[in-house]
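Hello,

Here is the structure we discussed handing over. My notes on it follow below the entry.

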Amino acid sequence: MARKRTELLQGTLDLLILKTLAPEPRHGLSIARRIEQITRGALAVKPGSLFPALYRLEQEGWIEEAAVPVKEHNRARYYQLTSAGRKHLRAATEKWERATTAVELVLRTNS
Amino acid sequence: MSLLQKGKALWAVVTRRSRQEEELSGEIEAYLELAAKEKQEQGMSAAEAWREARLELGGVEQVKEQVREVRAGRLLEETWQDVVYGLRMLAKHRGFTAVAVLTLALGVGANTALFSMVYSVLLRSLPYPDPERLVFVLADGKQGKKPLSPPDFVEFQEQVASLAEVGYVRGQWMIYLTGDGQPEVVRMRPVATNFLSVYGVQPYLGRAFQPEDDVVLPPGATANPEAPAPPGAAMISYGFWQRRFGGDPNVIGKLIQLQFEPHRIIGVTPPNFRAFLPDQEDYIADVQVWTTSGMNFRTMPRDAAFLRVIGRLKPGVTREQLQELAGRFSERQRSAHTIHRESGYELRVVPLQDELVANARTGVGVLFGAVILVLLIACTNLTNLLLARGSSHRREFAVRLALGSSRMRLIRQVLVESWLYAALGTGAGLLLAVWLMRLLRELTPRSVPRLDEIALHGPVLAFSLGVSVLAALLLGLLPAIRFSGVDALAGLRESGRGAGELGRRRQSGWLVVSQVALSVILVAGTGLLLRSLVLLLGVDAGFQPDNVLTAEMTLSSPKYPRYPSAQARVRFVRQVSERIAQLPGVQAVGLGLVVPLSRQDTGHSYASDAMAKSLAVYPPAKYRPITPDFLRAVGTRLLAGRDFTWADLERERLVVIVDETLARKAWPEEDPVGKSLRIEVWSTKGGAVHLEPLWAEVIGVAQNVRSGRLGREDIETLYLPYSLYATAELSVLVRAAGNPEALIGPANQEILAVDRDMTAFNFRRMESLVWDSVAPQRYSLTLLGAFGGSGLLLAAIGLYGVMRYSVVRRVNEIGVRMALGANPWDVIRLVLGQGIKLAAAGLLLGVAGALALTRWLENQLYQVTATDPLTFAVVVALFLLVALLACYGPARRATKVDPVVALRCE
């Protein structure tokens, strides 16, 4: 139903997830809470968007299941970046920055 | 995502699906629990925390579903689900499935069988190299189309040598083959020496004919032992080579006797080779021996037209060019020869394949029309069924749409379901088609070329699959699009009453009416043909075919000359007769030229004393040379006088037996026995062979033998003693006390005992002759009957379906009626009434249509008019009965409606 909205944000959500996973492996709830925390509540990622995104990223090969010594919940699944994922994160970040700079330029000019 | 990654993901999904599901469940469970724990730590109570956590999650199943949608192989998984679901639905609604599959099978099967016939007979190119270069040359004129005569052929061949290679094929004969094994009767055709190269075929073994092989034998050469002619050349067919000579390569050079004339085998034609020519009576029987003509064409009469001319265009030459040349040739012939000028001689050059199939085209066309009718009925049936079925889908779809399913998903599911039907229907249809093709092969008259070749060839299979794919698409898309629409809320309501509903019912009502009407037309036609056939078979034919064995022989050995005296033949015939008569179980034996209902016939004129004096032209009669006891063997009664005796034959007495018609015409009101009759017989007195008039005494009158052929007037018959008209072709008739087939071996032995070289062939029961003579009628009847039957079946199914649907929809109405005091019989009457009304409407239309259309059958009917009231009455009664049966089920179902339940479901 809310497919359109997801499409717009899909690329962005992927970027956020990848960025969140960069420093250390996390499980689903942890990722959502982290994003919420950093954006100071502006972006609340619902599980209905999060989990499909996680699965997609896994299929693309950018994240993988992480073997963690101690788990918060024994059935929780921890994810970590793959090397391909790191590369993609770098490239996607660059692209995002270029895009936003361009948009800012347009918005600042008096027309 | 790269292809490799996609592949890996797909593989993972397929192989580890259950594990993935488990992991997913666990993961979401973990999320839920951790979130609840988190909220508890923030100060909420356990219950509140769990509730909040659940709200945040948004529903475990929904999330899972969303993940599944993203997972690779989703399409595959969903389609697999659809297939399983579809199969479950198919099994659940067994009645509907059976009907739908049956209808589809009928449609696909009939279509495929017909197309295979069209393909094999009409479309498929002839089995020769470059078949489009093959042409057929015929002579058109005032008397219609004819073959060419020998001198015309030779001249034509020379004129067009630069443009085309032409050859000819002559008629076929059954002749004796002796030497090197058992004597045998074979099928032989004399041909031009270049006939193989015209067809473009190489011999399989040995060589083809050369011009030098066409040795012109002087007349009477074989009878003169002092100047034996060199052996002629012969080619044999592959099948014959395998069967008689065991595929021995040393067969080349072997000497055989064909009709007692020596021939040397020079070659073998390739396997399955057939010389296709237009207008043959029998395309199934194979030619076993090919020989040269051995005639001097240039000196033969110009009106003896018996050469069927084929030609192969040289590279770069078009048919039009050859036709132009033929036109100029025809012009020259017309100016040079009176006979051609008077008949408007015009040579036509036509493509061989076109000419070959010209006759078959109309037959196939009629079939096509009938198949279209049945298909129409089948299609309307299916549409009806789907309309009924689709409305049950409606509720389900509405619910699923409301729960968030995409429209595409629903459409896909319906498509999968309809493809399942199509797959089952096609499978069944192909089986039906194979069976139908076998039936067609057996039934269709042998005069249709290449019919024995129909099979599931590549193009036919492709056509069949194409039809079923189309059917599946149509069947699926229509309801899918219709019922997955946005009107979900309306679908949720229990009883969809409204204008749309009524319209749909009226639609399906009209469909049933049209089905019934179409079926009535087919069944009426069938009924007429059936009645006609029954009458035809019941005709008092004037002979008794039960337990009679017939066979044929040809007495053209030099041992049995016809001239000057036929006594050698009479002796042979007498010996055979007496020997066979002594076999146990034999009641009577006769030999004669013609067996009733066989295709041979010979006739000349006759005249009584009075007629000879008053008439200028004498009327014709059939001449039947027979031996004593022939009439008893064939079961034709003698009404007056006596039968022939062997004394009559040996003394060559001038006596005849006439039939009732002849007696009445020649001597009205008088006793014919003892009167004189003028007849004509062949004689060589005075040199050449000619017809000589004789006066013979009438010694008996026989019962009339009716040919029973449609549209044929029976002409008078007179029976002569064999001695007066000793033909080479003979039929043997043996009347047995029991099973005549048991006598085949012994009878043949007795004949061989009289003469080792004389074998009889074509042993058959006379009853089969009778049966064969009505083969065209049987063919039409079977075809029309098959279509009529399927039409009737489909119409009945359609009626049943509509009634059932109607009852289901009218459950409330029925409930109300029952609650108001109606008893089961009233309900039955209600339902039946509706059904009968539909059937009656269809009957009315159908009968009107049939009365208009059956005139096309008139020339096939024997003693039955195209509007025969008895037949129509039976058809109407049949349809009413079938309608009653079809409505019975739904009517009973209606009575089982519990008014309480029905009313509650408002």
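Within chain A, A:R77 and A:E65 form a salt bridge, with their closest N and O atoms 3.2 Å apart; the term is used for a side-chain nitrogen of Lys or Arg within 4 Å of a carboxyl oxygen of Asp or Glu. This pair links distant parts of the chain, 12 residues apart: A:R77 lies in the loop between β2 (63-65) and β3 (78-81) of chain A, and A:E65 lies in strand β2 of chain A. Helices (H or I, at least four residues) and strands (E, at least two) are DSSP runs, numbered from the N terminus. Over all chains, the whole structure has 36 salt bridges.

This is a predicted model, in which local features need pLDDT of at least 70 and side-chain atom pairs count only at pLDDT 80 or more, while totals for chains, interfaces and linings use all residues. Residues are numbered from 1 along each chain as its sequence is written, chains are lettered from A and ligands numbered from 1 in the order in which they are written, and side-chain values use heavy atoms, with hydrogens and water left out.

Next, the interface. Chain A puts 25 residues into the contact and chain B 29 residues, contact meaning heavy atoms within 4.5 Å. About 2400 Å² is buried between chain A and chain B, 57% of it from carbon and sulfur atoms; buried area is the accessible area (1.4 Å probe) that two parts lose on being put together, summed over both. In chain A, the residues that lose the most area to chain B are A:Y55, A:Q59 and A:R75, together 28% of what that side buries.

There are 4 salt bridges between chain A and chain B. B:E56 forms a salt bridge with A:R33, where the closest N and O atoms are 3.0 Å apart. On the side of chain A that touches chain B, the elements giving two or more residues are α2 (28-38) and α3 (47-60) of chain A. Of these, α3(A) gives the most, with 10 residues.

Finally, a helix pair in chain B. B:W771, B:D772 and B:S773 in α23(B) meet B:A775, B:P776, B:Q777 and B:R778 in α24(B).

Regards
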